[in-house]
Amino acid sequence: MPLEKYTYLALMLGSLVFPFIFSFEKKISFYRKWKSLFIAILISGLFFIIWDSLFTHFGFWSFNDDFTLGFRFLGLPLEEWMFFIVIPYCSVFIYENTKLYLPKLNFNRQIEYFLWFVVIVFAVFAVLNFGKWYTFINLISNVLLLAYVLVFSNFKKNFTHFGLTFIISFFPMLFVNGVLTSMPVVEYNGRFFSEIRLMDIPIEDFSYFLLLLLMNLFIYEKIENRRINCS
């Protein structure tokens with residue numbers, strides 16, 4: 001099998017190595033929180049697998065078999081299924097480290113205001129891109145989740161570490177997505193996208209990552225809080 005077919009797999013395994021090894025580091029002991037983490041991954045993963053499978057079916061994007069192993073289920077390569085385990089795992093690992101090493105940092109109020117600004121910008125941009133269906137659905141999904149978290153949940157107390165996690169994760173995400181889109185491992189149909197790109201990466205991938213990160217952290221924190229309260 002040509003080496004390039006291992007591209008997506010290598011990206012996923014390479015992303016996981018450092019967080020997995022240091023999950024057993026005594027100070028953080030991240031492995032002790034695996035139960036909450038994997039429940040969060042399972043719940044959010046169900047949403048995103050349906051999302052990805054439908055959009056692949058309708059031709060919003062496609063996967064290049066030259067850079068994947070070729071095994072597919074529900075239209076998605078094995079590596080894409082891994083994506084919804086590896087990326088949340090790495091992101092929550094970063095999140096727990098920000099809480100561990102920067103416990104007193106608090107910009108919750110400022111980030112709350114900023115996220116309301118994001119909600120407004122996303123809503124306006126979604127309306128302006130009505131008909132570019134992936135852009136519209138992506139942004140509206142973010143608007144709905146962000147608005148719910150801002151109005152109805154107590155996740156606001158975690159906004160500082162959520163924001164730090166997004167900023168820190170942005171750089172490895174930029175590398176991974178840069179490889180996926182430049183080779184390309186994933187090929188996008190411009191009819192459904194705004195066609196605004198940062199390097200080769202559709203701008204929608206960044207709002208997609210925001211949605212993925214927030215959903216996983218929101219669910220993870222609810223499960224962890226329930227576990228702590230019941231212990």
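Biologist: Where is the place of Pro-184?

Modeller: Pro-184 belongs to the loop between helix H6 (159–182) and strand E4 (186–188); helices (H or I, at least four residues) and strands (E, at least two) are DSSP runs, numbered from the N terminus. The peptide bond that joins Met-183 to Pro-184 is cis, its omega being near -10°. This is a predicted model, in which local features need pLDDT of at least 70, side-chain atom pairs count only at pLDDT 80 or more, and totals for chains, interfaces and linings use all residues. Residues are numbered from 1 along each chain as its sequence is written, and side-chain values use heavy atoms, with hydrogens and water left out.

Biologist: At which residue does H2 bend?

Modeller: H2 bends by about 30° at Gly-45, the bend at a residue being the angle between axes fitted to the seven residues ending there and the seven starting there. Just after H2, Gly-59 takes a positive phi of about 80°.

Biologist: How do the axes of H2 and H7 cross?

Modeller: Two packed helices are described by the angle between their axes and the distance between the axes. The axes of H2 and H7 come within 8 Å and cross at roughly 145°; axes are lines fitted to C-alpha atoms, for helices over the stretch in contact, and angles run from 0 to 180 degrees between N-to-C directions. The crossing is right-handed: that is the clockwise case, whereas a crossing is left-handed if the near helix is turned anticlockwise from the far one by less than a right angle. Contact means heavy atoms within 4.5 Å. Residues of H2 that meet H7 include Phe-47, Phe-48 and Trp-51, and their counterparts in H7 include Tyr-208, Met-215 and Ile-219.

Biologist: Which hand has the crossing of H5 and H7, left or right?

Modeller: H5 and H7 cross in a left-handed manner. The axes of H5 (residues 133–152) and H7 come within 10 Å, at an angle of roughly 35°. Among the residues that meet here are Tyr-134, Leu-145 and Val-149 in H5, and Ser-207, Leu-214 and Phe-218 in H7. H7 is mostly covered, 20 of its 27 residues being buried.

Biologist: How many salt bridges does the structure hold?

Modeller: The structure holds eight salt bridges, each a side-chain nitrogen of Lys or Arg within 4 Å of a carboxyl oxygen of Asp or Glu. An α-helix has 3.6 residues a turn, so residues three or four places apart point the same way. Arg-227 and Glu-224, both in H7 (residues 204–230), are three residues apart, about one turn of the helix, and their side chains form a salt bridge (2.8 Å, N to O). Arg-227 is partly exposed at 37%, whereas Glu-224 is buried at 4%. In helix H4 (residues 108–128), Arg-109 and Glu-112 are likewise separated by about one helical turn; the closest N and O atoms of this salt bridge are 3.9 Å apart. Glu-112 counts as buried, at 16% relative accessibility.

Biologist: With which residues is Lys-27 in contact, leaving aside its neighbours within four places in sequence?

Modeller: Lys-27 is in contact with Leu-100 and Tyr-101. The C-alpha atoms of Lys-27 and Leu-100 are separated by 8.6 Å, although the two residues are 73 residues apart along the chain. Lys-27 is found in the loop between helix H1 (7–22) and H2, and its relative accessible area of 52% makes it exposed.

Key: Buried means under 20% relative accessible area, exposed over 50%, partly exposed in between (1.4 Å probe, protein chains only).
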